[in-house]
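Hello,

Here is the structure for you to look over. My notes follow below it.

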Amino acid sequence: MGKILLSISCFILLLGCSTTPVGSGKETDVGVWQGKVQMLSKESKNRKWAYVTWISDSPNQRMRIDVRAVLDIPIATYIRKEDGAHLWLFTEGKYFHSKDATQLFSTLVKFNFDPDHFFNFLGNPQKLGKSWECENKLSLYTCLSPSREAQVTINHENVDKRVINLNKGSKGLRIRLSRSKVRVTAQQFKKLSTSQFDIIEI
């Protein structure tokens, strides 16, 4: 009886049951993270906030980001999996697909950056590349790009919380996330419909 009730609960939540290691106290990116993202421009001093649900699954090289405005109005959904990267912009009615995840992710955040780095940011922060200068000091991981034009900082004091700052020139991105108890499933990475979107291949 208990197993039946558990199965029904999973079905209602549309999340399914999984053996993927999630929860609190684990130094892994895997999980469903929730929080806010702030995009800012130092030139115009313009700041825009949005709510974000970030699903990360590095063992299977999968990532999903849902960005929403106030009243839960969908703005964008980004999915990265084995067939490349996908991006739905709901307010513009556009769907993008590309095998180049960096190029497509930049369309979402207006910031040129490889999204695969977030697997490390949400798990155990590691060096971004041979030419990046990185240091971990008092649970604050900081990296400077080879040109020193871009800076990344990750506050990872709590394994279930992250504050990530990306800055390059006059543009910046701040992401505050907390890992929920929701489990990661294959269903969460299923492609959305494109029937009412302009389809753009990059």
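The side chains of threonine 53 and arginine 68 are joined by a polar contact of 3.0 Å (a pair of N or O atoms within 3.5 Å; within protein, one must be able to donate a hydrogen and the other to accept it, and residues adjacent in sequence count only if both atoms are side-chain atoms).

This is a predicted model, in which local features need pLDDT of at least 70, side-chain atom pairs count only at pLDDT 80 or more, and totals for chains, interfaces and linings use all residues. Residues are numbered from 1 along each chain as its sequence is written, and side-chain values use heavy atoms, with hydrogens and water left out.

Back to threonine 53. Its place is in strand β2, residues 46-57 (strands are DSSP runs of E, at least two residues; helices are runs of H or I, at least four; both are numbered from the N terminus). Threonine 53 counts as buried because its relative accessibility is 14% (buried means under 20% relative accessible area, with a 1.4 Å probe and protein chains only). Leaving out residues up to four places away in sequence, threonine 53 touches Val32, Trp33, Gln34, Arg64, Ile65, Asp66 and Arg68 (contact means heavy atoms within 4.5 Å).

Now the sheet. Twelve strands form an open sheet with mixed pairing, in the order β7-β8-β9-β10-β11-β1-β2-β3-β4-β5-β6-β12 (two strands pair if DSSP finds at least two bridges between them). β7 (133-137) and β12 (198-201) are the edge strands, each pairing on one side only. Strands β4 (residues 74-81) and β5 (residues 84-89) run antiparallel, joined by six bridges. Lysine 81 has glycine 84 in β5 as its bridge partner.

Best wishes

Note on methods
Buried < 20%, exposed > 50% of the residue type's maximum accessible area, 1.4 Å probe, protein only.
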